[in-house]
Amino acid sequence: EAKYIGRALKALKNQTIPRHHFEIIVVDNNSKDNTSEIARRAGADIVVSEHRQGTNLARQKGFEVSRGKIVAFLDADCVPPPRWLEKIERLLTSKNYAAVTGPYDYGFRGAKKIAEQAYFDAAFRLVPKTLSACFKKKAAAIMGGNFAAYRLTIKKIGGLPPIAFFGDDAHIALLIARRAGNVCFSPTLTVKSSPRRFKKKGLARTTLKYAKHYFKAYFELPTE
């Protein structure tokens, strides 16, 4: 993530919340480039390594060395707006939410932008409500690279499930909904993100793969 990490950290240092009120932790997930060096130069408070490859394994490592009452997770290729942390704190403290999440802005235009908006509305609002009503098992959706939760929430679910990639955020969301409390999806938490995965694998193919792993997790995970 050497190409992206600098922009992410610059955006985090420019948050409206005073810098001394939060810590920035970067987890180097067994990278082969100079991600760690760039992160240190860019102002990360802590840079740690997690040699076991996997998104949730890296997130859990960061969680273990963090100290905050609220823990926010951001992928390295994401750029949050200046009020991202402020809005996270406000949503969590003003409502009865265990976690909050928001969509990505991939920079699409035209028909792809319309499809992107429809996807987030369906995947994060319509699908969880429909599943919960039809099957009487709580459902929720989280964007793994753009969410935040109370520290207690992560502890209630036994830590982030050790899933390498596909299905990682599905398991997080479902465990929180069933063991900790409500998950809020808010467009006000939109962050810019790289569309590289869609360009490499294709938009439809990648979306269907995410959906497959979500439904698999929904029906396989226990309700309690």
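Buried means under 20% relative accessible area, exposed over 50%, and partly exposed anything in between, worked out with a 1.4 Å probe and protein chains only. The structure is a predicted model, so local features need pLDDT of at least 70 and side-chain atom pairs count only at pLDDT 80 or more, while totals for chains, interfaces and linings use all residues. Residues are numbered from 1 along each chain as its sequence is written, and side-chain values use heavy atoms, with hydrogens and water left out.

Arg-41 has a partner. Its side chain meets that of Glu-37 in a salt bridge of 2.7 Å, N to O; the term stands for a side-chain nitrogen of Lys or Arg within 4 Å of a carboxyl oxygen of Asp or Glu. Side chains of opposite charge can pair when their charged atoms come close. Because Glu-37 and Arg-41 are four residues apart in helix α2, about one helical turn separates them. Glu-37 is partly exposed, at 44%. Helices here are DSSP runs (H or I, at least four residues), as are strands (E, at least two), and they are numbered from the N terminus.

The structure holds 14 salt bridges. Another one joins Glu-86 to Arg-90, with the closest N and O atoms 2.9 Å apart. Both of these residues lie in helix α4, four residues apart, about one turn of the helix. Arg-90 is partly exposed, at 42%. Salt bridges that share partners also tie Glu-1, Asp-77 and Arg-196 into one network. The bridge between Arg-59 and Asp-168 has its closest N and O atoms 3.2 Å apart. This pair links distant parts of the chain, with Arg-59 in helix α3 and Asp-168 in helix α7 (residues 168–179), 109 residues apart. Both Arg-59 and Asp-168 are buried.

Next come the nonpolar cores, that is, sets of buried Ala, Val, Leu, Ile, Met, Phe, Trp, Tyr and Cys residues joined through side-chain atoms within 4.5 Å. The largest has 35 residues, and Leu-9, Ile-88 and Val-100 have the most contacts inside it. Among the elements that give two or more residues to this core are α1 (5–13), α5 (111–135) and β7 (146–150). Helix α4 gives the most, with five residues. Leu-9 touches Ile-24, Val-26, Ala-39, Ala-42 and Ala-44, not counting residues up to four places away in sequence; contact means heavy atoms within 4.5 Å. A second, separate core of 26 residues includes Leu-131, Ala-140, Ala-173 and Ala-177.

Leaving out residues up to four places away in sequence, Leu-85 touches Gln-15, Ile-17, Phe-22 and Ala-72. Ser-66, found in the loop between α3 (55–65) and β3 (70–74), counts as buried too, at 11%. With neighbours within four places set aside, Ser-66 is in contact with Glu-23, Ile-25, Val-71 and Arg-151.

Finally, there is the surface. Phe-135, Phe-215 and Phe-219 make a nonpolar patch of about 290 Å². Patches are made of residues with over 30% relative accessible area and no salt bridge, where like charges are joined within 9 Å and nonpolar side chains (Val, Leu, Ile, Met, Phe, Trp, Tyr) within 5 Å. Phe-215 sits in helix α9 (residues 203–220) and is partly exposed, at 35%.

How values were computed. Areas by Shrake-Rupley, 256 points an atom, 1.4 Å probe, with all protein chains shown as cover.
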